[in-house]
Amino acid sequence: MTTLRQRLARREYAITVELQPPKGSDVKRFISKGVESKGYAHAANVTDQQGSVMRMSSLAGCALLLRSGIEPILQVTCRDRNRIALQSDLLGAHALGIENILALTGDHTALGDHPQARPVFDLDAPLLLSAASCLERGTDLAGGDLQGAPTFFKGAACNLDPQDPELELFKMEKKISAGAQFFQSQAVFDAGRARSFLKRAGRLGVPILLGVVFLKSAGMARRLESIARGTRVPESMLRRLETAADVRRESLAIASETVRDLADLVQGLHFMAFGWEELIPEALQGAGLAPTARAESDEEVTSGD
Amino acid sequence: MPLMFTRPKPLDELSALLEERPSVFVLGCNGCENCFGNGGVEGLYRYQQTLAELGRTVVAEALIDLACEATHDRLWLDRLAPELARADAVLVVACGVGVQVVAGLVDKPVVPALDTFSPGGRVGQAWAFESCAECGECLLGLTAGICPVTACAKGLRNGPCGGSVDGRCEVNPELLSCGWARIVERLRASGRLDSLKALIPAADHSRRRPSEELLTAIAALRGGESGR
Ligand code: SF4
Ligand code: SF4
């Protein structure tokens with residue numbers, strides 16, 4: 001059983017961080033970011049060519065992290081692979097010791113650096129979750145028997161500040177019935193709205209990790225709304241960043257405030273730091289979730305086994 | 001647009017789409033050479049029988065010249081408005097284009113009787129936007145009569161992706177509406193939004209292909225060569 005699964009099952013806080021494999025064959029920086037993450041996170045997501053920008057595969061990235069003793073979460077999108085390739089990668093992941101997965105539909109190829117590529121979308125996020133559940137039951141999507149059934153800890157994405165809360169809840173319910181066992185959310189900047197949504201989403205009974213992004217500038221915040229569509233950054237936040245003497249401090253303050261405001265309604269945090277990973281330990285401290293406390297409880301987990 | 005063909009939807013699918021919808025209003029289409037062999041009077045007659053076998057009541061039926069032409073549909077829909085009001089669903093015996101046009105005109109659940117597929121080849125480019133991709137397993141009965149295969153840039157089957165914002169599609173928010181946002185809007189307007197919770201299975205791409213039977217018929221017409 002993965003640490004992530006174990007912690008969430010025990011209702012313990014889980015911290016995850018998103019890492020991007022390199023565009024190229026040099027994995028040094030990627031691995032060192034992974035090794036650093038051991039100081040503050042329980043597991044690291046490896047992105048699957050986020051924004052449809054071609055990079056090293058998330059499967060290879062997860063295998064590299066695992067070798068360095070970091071628990072990986074395999075992000076899998078439906079953009080590039082049909083159901084045959086997706087099932088095959090999932091079987092491969094399990095054989096390599098990768099059990100946490102995050103099933104995503106994926107961005108359209110038109111948005112990335114290879115707009116010429118064919119978009120696949122043979123499955124979508126709920127169907128990918130149900131494909132993973134199907135493999136766990138020992139058969140493939142066509143009903144064929146498997147030699148050995150894998151196990152996964154299956155996650156999905158959600159938006160805690162959605163334009164259409166009712167629709168978002170239906171989408172979450174659908175993902176849960178397809179097999180989702182945890183959610184990692186998009187970044188949240190309006191804690192008030194997210195709070196009222198979380199009160200409803202909390203009833204679904206599946207742990208939610210709150211997405212945290214450090215806004216590097218007002219410009220980046222605006223771009224974020226078009227890159228991570230569905231993310232909403234209030235005007236007041238933009239003004240804070242524009243007028244701040246020290247943008248890093250301000251960004252850290254914004255993140256810590258949001259985390260503090262919502263901590264009681266989520267079961268963990270998911271950092272998407274875009275290069276500012278070194279701020280994470282401070283953000284945790286600012287929110288009263290010191291990384292040292294995390295390390296201690298981690299020992300409890302291992303000694304308990 | 002690609003050349004279209006139709007075949008009757010499998011009975012179990014049709015029956016599921018008409019679940020808890022006892023009274024059915026049936027529209028046939030006289031166009032496209034009687035909907036490629038499945039429309040016209042014969043089509044209407046066949047579905048009278050099918051609906052009787054499924055235990056459904058036909059409240060009214062009409063044969064439209066071209067179901068894909070809103071003016072033709074309106075003529076009958078207006079004339080039969082009282083019957084339409086009593087129906088639980090509208091069964092449209094026409095291609096995917098016809099079903100979508102009807103679905104845009106009535107506020108009842110619209111159910112496609114046929115699956116539209118393509119044997120290959122193209123006919124004249126009559127429409128600026130493709131509204132049916134001949135997927136061979138028509139989803140219109142689950143998606144408020146708007147085709148997710150063509151109206152969604154990713155052809156998604158289980159609701160909008162995260163890129164759907166303000167009803168616009170992530171691929172080009174300025175120029176493209178999000179097909180799923182339109183489906184959601186229409187489902188909500190008719191109080192059926194919770195139907196989104198049910199998982200629509202993965203596409204069966206084998207149903208896109210013409211049957212052995214049809215390939216053989218085409219081969220015979222082309223002098224022993226199916227062209228595939
Ligand atoms: S779902 Fe769309 S593509 Fe498939 S038959 Fe119906 S209208 Fe055509
Ligand atoms: S934004 Fe809407 S139309 Fe575009 S890919 Fe997503 S669901 Fe499909």
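Biologist: How many of the 5 residues of strand 8 of chain A are buried?
Modeller: This is a predicted model, and a residue counts as buried under 20% relative accessible area. Strand 8 of chain A covers residues 268–272 and is largely enclosed by the rest of the structure. The number of its residues that are buried is 5 of the 5.

Biologist: Which residues point each way from strand 8 of chain A?
Modeller: The residues of the strand are divided between two directions, and all are buried. A:Gly268, A:His270 and A:Met272 point one way. Those that point the other way are A:Leu269 and A:Phe271.

Biologist: In which sense does strand 1 of chain A pair with strand 8 of chain A, and over how many bridges?
Modeller: Strand 1 of chain A consists of residues 14–19. One bridge partner pair is A:Ile15 with A:Leu269 of strand 8. The sense of the pairing is parallel, and the count of bridges is 4.

Biologist: Which residue of strand 8 of chain A does A:Val212 stand opposite?
Modeller: Strand 7 of chain A, residues 208–213, runs parallel to strand 8 of chain A, and 5 bridges join them. In strand 8, the residue opposite A:Val212 is A:Phe271.

Biologist: Which residues does A:Phe271 touch, not counting residues up to four places away in sequence?
Modeller: Among them are A:Ile15, A:Thr16, A:Val17 and A:Glu18. A:Phe271 also touches A:Val212 and A:Phe214.

Biologist: Which residues have the most contacts inside the largest nonpolar core?
Modeller: In soluble globular proteins, nonpolar side chains tend to be buried together. Here the largest nonpolar core has 82 residues. Its largest share, 6 residues, comes from helix 5 of chain A, residues 125–136. The residues with the most contacts inside this core are A:Leu160, A:Ile208, A:Phe214 and A:Phe271.

Biologist: How are the rings of A:Phe153 and A:Phe182 arranged?
Modeller: A pair of aromatic rings is described by the distance of the centres and the angle of the planes. A search of the whole structure finds 3 aromatic pairs over all chains. For A:Phe153 and A:Phe182 the centres are 4.8 Å apart and the planes are at 25°. Since planes under 30 degrees apart count as stacked, the pair is stacked.

Biologist: How many residues apart are A:Phe153 and A:Phe182, and are they buried or exposed?
Modeller: A:Phe153 belongs to strand 5 of chain A, residues 153–158, and A:Phe182 to strand 6 of chain A, residues 182–187. The pair links distant parts of the chain, 29 residues apart. With relative accessibility of 5% for A:Phe153 and 0% for A:Phe182, each counts as buried.

Biologist: How many residues apart in sequence are the parts that A:Phe214 and A:Phe271 tie together?
Modeller: These two residues form a stacked aromatic pair, 6.0 Å centre to centre with 25° between the planes. A:Phe214 lies in the loop between strand 7 and helix 8 of chain A, whereas A:Phe271 lies in strand 8 of chain A. A:Phe214 and A:Phe271 are buried. The parts tied together are therefore separated in sequence by 57 residues.

Biologist: Over which ring does the charged end of B:Arg7 sit, and over which that of B:Arg79?
Modeller: The charged end of B:Arg7 is 4.1 Å from the centre of the ring of B:Phe117, over which it sits. The charged end of B:Arg79, at 4.8 Å from the ring centre, sits over B:Trp76.

Biologist: Which residues of chain B is A:Lys171 in contact with?
Modeller: A:Lys171 lies in helix 6 of chain A, residues 165–178. Its relative accessible area is 16%, so A:Lys171 is buried. Leaving aside neighbours within four places in sequence, its contacts are B:Pro160, B:Cys161 and B:Gly162.

Biologist: How far apart are the C-alpha centres of domain 1 and domain 2 of chain B?
Modeller: Chain B is divided into domain 1, 1–141, and domain 2, 146–201. Their contact takes 14 residues from domain 1 and 9 residues from domain 2. The C-alpha centres lie apart by 22 Å.

How values were computed:
Residues are numbered from 1 along each chain as its sequence is written. Chains are lettered from A and ligands numbered from 1 in the order in which they are written. This is a predicted model: local features need pLDDT of at least 70, side-chain atom pairs count only at pLDDT 80 or more; totals for chains, interfaces and linings use all residues. Side-chain values use heavy atoms; hydrogens and water are left out. A nonpolar core is a set of buried Ala, Val, Leu, Ile, Met, Phe, Trp, Tyr and Cys residues joined through side-chain atoms within 4.5 Å. Buried means under 20% relative accessible area, exposed over 50%, partly exposed in between (1.4 Å probe, protein chains only). Contact means heavy atoms within 4.5 Å. Two strands pair if DSSP finds at least two bridges between them. Rings of Phe, Tyr and Trp (its six-membered ring) pair if their centres lie within 6.5 Å; planes under 30 degrees apart count as stacked, over 60 as edge-to-face and the rest as tilted. A charge sits over a ring if NZ of Lys or CZ of Arg is within 6 Å of the ring centre and within 35 degrees of the ring normal. Domain bounds come from an automatic or database domain assignment.
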